[in-house]
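Biologist: Could you walk me through this model in plain words? I would like to begin with the metal site.

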Amino acid sequence: MTEDRGSSFGLPLRVAIHTDVGSVRDKNEDSAGHAWIDDELFVIVADGMGGHEAGEVASGLAVDVLGSFMSEAPGGDPRQRLYGGLLAANQAILDEGAAKGSRGMGTTAIAALMQGPKVFVGLVGDSRLYHIRRGALVWRTQDHTRVQNLIDKGLIDEEDAREHPEAGMLTRALGHNRMANGEDLVPDVFAEPIELEAEDALLLCSDGLHDLLDDWEISQMVAGREPNEAARDLVDLACDRGGHDNITVAVITAGDRAGAFDPEFAGQAGGVVLEQQATVARSRPWAANPTIPPTLQAEVQIELTRDLPHAQAVTEEEPPRRALWMGIAAMSAAALVGVALIAAAIGMAAAWWWSA
Ligand code: CA
């Protein structure tokens with residue numbers, strides 16, 4: 001399903017999400033969702049892990065808690081909301097794991113909060129966000145994986161990474177308080193927002209997609225397409241290539257469809273991508289960003305040491321709000337189940353929209 005809304009920069013933002021169990025696994029542990037919060041668009045993709053249904057519970061909780069968190073504090077600094085929301089989701093998953101005795105359950109999360117042309121991004125794990133212009137990759141997030149660390153150190157390249165025995169091993173995940181380096185979990189919230197131009201596209205996906213498609217393929221598949229078409233075709237292509245994992249794709253376009261492929265721009269963007277990955281993409285924990293005014297810094301510190309009261313508030317709160325944020329998990333017959341969930345969500349709150 002595709003949903004449109006006007007945006008504050010004069011273009012409709014359109015969003016579509018598709019998910020598929022893939023060709024090998026018997027259940028879908030990915031979850032995804034989107035919501036309009038006043039004029040903001042929030043989109044999230046989460047990829048759960050842990051077996052025995054723990055994966056879909058964890059990814060569903062990430063969607064649920066983050067969504068509630070975003071909607072409860074509209075108007076605040078978007079980076080602080082993403083940061084707090086990711087930590088709240090982490091705590092909710094830890095609590096659920098402790099209550100159910102399923103240790104080790106966890107999830108990735110890639111979340112985007114759009115305020116007009118500005119896009120704020122939060123990440124934990126190896127789900128990705130791509131910023132695509134005229135069929136070329138302008139920027140994407142870097143995974144929290146061991147192989148990304150090896151790439152960063154220049155020990156392997158992107159090609160080697162796919163075949164590496166540690167491919168897919170995460171260094172950060174929601175539901176795990178410690179990162180691989182032993183430090184407390186720090187969500188990546190990018191200090192600088194992405195600036196969208198007309199016909200730009202954003203793509204959020206789980207590794208079931210980017211394991212099987214190169215960045216340039218993903219970028220070119222989006223070019224000239226409207227979001228529903230792009231998301232569906234990408235999922236289908238990943239399935240055709242073996243679909244060894246669950247596949248989830250969210251596509252957002254600024255305007256009716258993404259800009260057509262422009263080989264000249266793509267040639268230039270090749271250089272831009274390398275340049276930006278060396279600089280802009282170097283993620284900084286938002287709280288440590290020196291450009292944030294001291295007052296906000298203090299707020300973030302409080303947020304981090306306050307034992308996450310928001311997580312309590314979110315998990316204890318009963319419908320209707322929680323109901324709006326039903327995690328869309330286990331969507332193996334995704335389209336049909338998704339439509340049913342959307343219908344339920346719409347019934348509970350007519351102003352809110354969900355898709356799967
Ligand atoms: Ca996966």
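Modeller: Asp207 counts as buried, with a relative accessibility of 10%, where buried means under 20% relative accessible area, exposed over 50% and partly exposed in between, using a 1.4 Å probe and protein chains only. Please keep in mind that this is a predicted model, in which local features need pLDDT of at least 70, side-chain atom pairs count only at pLDDT 80 or more, and totals for chains, interfaces and linings use all residues. Residues are numbered from 1 along each chain as its sequence is written, and side-chain values use heavy atoms, with hydrogens and water left out.

Biologist: Which protein donors does the calcium ion have?

Modeller: The protein donors of the calcium ion are Asp47 (OD), Asp47 (OD), Asp207 (OD) and Asp245 (OD), which lie 2.3 to 3.0 Å from it; donors are N, O and S atoms within 2.8 Å of the metal (3.2 Å for Na, K and Ca), and water is not among the atoms, so sites may look incomplete. Asp47 in strand β4 and Asp207 in helix α5 (residues 207-210) are 160 residues apart, so this pair links distant parts of the chain. Helices (H or I, at least four residues) and strands (E, at least two) are DSSP runs, numbered from the N terminus.

Biologist: Is Asp47 buried or exposed?

Modeller: Asp47 counts as buried, at 10% relative accessibility.

Biologist: Changing topic, which residues touch the most other members of the largest nonpolar core?

Modeller: Of its 31 residues, these are Phe42, Ile44, Met70, Leu82, Leu86 and Leu174; a nonpolar core is a set of buried Ala, Val, Leu, Ile, Met, Phe, Trp, Tyr and Cys residues joined through side-chain atoms within 4.5 Å. The largest share of this core, 9 residues, comes from α1.

Biologist: And what is Met70 in contact with?

Modeller: Leaving aside neighbours within four places in sequence, Met70 is in contact with Ile37, Phe42, Arg81, Leu82, Gly85 and Leu113, where contact means heavy atoms within 4.5 Å. There is also a second, separate core of 25 residues, which includes Leu123, Val138, Ala250 and Ala254.

Biologist: Where does pLDDT stay under 50?

Modeller: That is over residues 271-335, pLDDT being the predictor's confidence in each residue, from 0 to 100. The mean for the chain is 77, and 72% of its residues reach 70 or more.
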